[in-house]
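The stops below are given in the order in which to select them.

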Amino acid sequence: MRQPTNRDLALDFTKGVLIILVIVGHLIQYILYQNEGFWDSACFKWIYMFHMPLFMAISGYLSCRALLVKSFTQAIGDRATQLLVPMLFWCSLLESLKFAVFPRSAGAPDTVLLFVNESAGTYWFVWAAFICFIFAKAISISNHWSPWALFVSVILVVLAPLTFSIFPLIKYMYPFYCLGFSFAQSRERWTSIMRSHRPFLIMSASIAAMMCFLAWRNDTYVYNNLALVQDLPSAKNVLLMFLGSAAASVVMIEVLLRCWNIGHSNRVVRFIAAKLGPSTLVLYLIQGAVFRLMDSMQYGELWGPAMRSAAAAFLGTMIVAVALAVRWTVRDIPYLSQLMLGVPPAHLGK
């Protein structure tokens, strides 16, 4: 695994594109469709088939060293510092803004309960990445990375009948986290297989992704089916969700890595890799706060398509600009960089 001093710019480019797609997906939902009918958008469907699963697979890939080398206590502590500390900071800031701008009703939930629900709902991916890391690390202690133990854990997590809070999303993400880790652990073998059978594998994945895209419906989204198998129709939806996401992720990682190989000297491509890739966490946290605030606002009821498109482009640009400005401002300030970005100052310059 590459050390922080020798970053993999191809993966940073991939992460940068994925975080852009996260923002675009939310802009489609909140601005272009204003929370009505966005499930049927072809662009929204395409993005949501792979962007978070591929993000989670990359997270599992990059966590390989921490999972294999570090002790349980050190690994969990480091991951909590990296993910949960900045998440709690931005969630606290979000709740402070909401409390200041939008007065609470008399029947509103308790403040602590509201904060817990807000952090889980707004930043579910951070919690999912942290919990998947804990699951994987626990298996490493008891089974020394037996592939069968990892496979059994995936089956147990996916089939667990849990539908409350963010558990359906964890069930959805955990297989991809384990796939990313497994690829990192056996990278040479998988690279050899890909080198020998790349055209066939990519063609098969492309055909599968296209067929799943055509069959994808509202109930295929994890937000609607809750990754719960109750009967034959629900089993088909859940299976389609996992197969479609896996196939689309394979196709998109191939496409994005090819784009990097071809265009790595292009200024825009290098900007995505050098600036957005290392800033994915703060970008995710800031965009989550922005779109959560929009849930409490009335806006754009009389906007036409052109006005909505312009507002979406402006808001997306501002989110990226603010995130990069925050990173540039606090990157060398001790403790503040850890609190807001999740990265110690010494690592940011590298």
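Select Phe176 to begin: at 4% relative accessibility, Phe176 counts as buried, where buried means under 20% relative accessible area, exposed over 50% and partly exposed in between (1.4 Å probe, protein chains only). The model is a predicted one, in which local features need pLDDT of at least 70 and side-chain atom pairs count only at pLDDT 80 or more, while totals for chains, interfaces and linings use all residues. Residues are numbered from 1 along each chain as its sequence is written, and side-chain values use heavy atoms, with hydrogens and water left out.

**Phe176 and its surroundings**

Phe176 belongs to helix H8 (residues 167-185); helices (H or I, at least four residues) and strands (E, at least two) are DSSP runs, numbered from the N terminus. Show the residues around Phe176. Apart from neighbours within four places in sequence, Phe176 is in contact with Pro53, Met56, Ala57, Phe242, Ser245 and Ala246, contact meaning heavy atoms within 4.5 Å.

Next select Ala128, which is in helix H6 (residues 124-143). Ala128 is buried, with a relative accessible area of 0%. Leaving out neighbours within four places in sequence, Ala128 has contacts with Met56, Ile170 and Met173. Met56 is also among the contacts of Phe176. A C-alpha distance of 9.4 Å separates Ala128 from Tyr172, 44 residues apart along the chain.

Move to Ser249, in helix H11 (residues 232-263). Is Ser249 buried or exposed? Its relative accessibility is 7%, so Ser249 counts as buried. With residues up to four places away in sequence not counted, Ser249 touches Phe50, Pro53 and Leu54. Pro53 was also listed for Phe176.

**Helix H1 and its partners**

Select H1 (residues 9-32) together with H14 (residues 305-330): their axes come within 10 Å and cross at roughly 140°. H1 is therefore oblique to H14. Axes here are lines fitted to C-alpha atoms, for helices over the stretch in contact, and angles run from 0 to 180 degrees between N-to-C directions. Angles under 35 degrees count as roughly parallel, over 145 as roughly antiparallel, 65 to 115 as roughly perpendicular and the rest as oblique. The H1 and H14 crossing is right-handed; a crossing is right-handed if the near helix is turned clockwise from the far one by less than a right angle, and left-handed if anticlockwise. On the H1 side, show Ile23, Leu27, Ile31 and Leu32; they meet Arg308, Ser309, Ala311, Ala312, Leu315, Gly316, Ile319 and Val320 in H14.

The axes of H1 and H13 are 10 Å apart and pack at an angle of about 5°. H1 and H13 are therefore roughly parallel to each other. The H1 residues in this contact include Lys15, Gly16, Ile19 and Val22, and those of H13 include Thr280, Leu283, Tyr284 and Phe291.

**Two positive phi values**

Where is Asn35? Asn35 lies in the loop between H1 and helix H2 (42-62). Although Asn35 is not a glycine, its phi is positive, about 65°. Asn35 is partly exposed, with a relative accessible area of 34%.

Then go to Leu226, in the loop between helix H10 (222-225) and H11. Leu226, also a residue other than glycine, has a positive phi near 55°. At 31% relative accessibility, Leu226 counts as partly exposed.

**Aromatic rings**

Finally, display the aromatic side chains. Rings of Phe, Tyr and Trp (its six-membered ring) pair if their centres lie within 6.5 Å; planes under 30 degrees apart count as stacked, over 60 as edge-to-face and the rest as tilted. The count by this rule is 25 aromatic pairs. In one of them, Trp39 and Phe44, the ring centres are 6.0 Å apart and the planes stand at 85°, so the pair is edge-to-face. Phe44 is buried, with a relative accessible area of 1%. Trp124 and Phe125 have ring centres 5.7 Å apart and planes at 80°, so this pair is edge-to-face. Trp124 is buried at 9% relative accessible area, and Phe125 is buried at 11%.

Select Phe38, Trp39, Phe44, Tyr48, Trp216, Tyr221 and Tyr223 to see a cluster linked by ring pairs.
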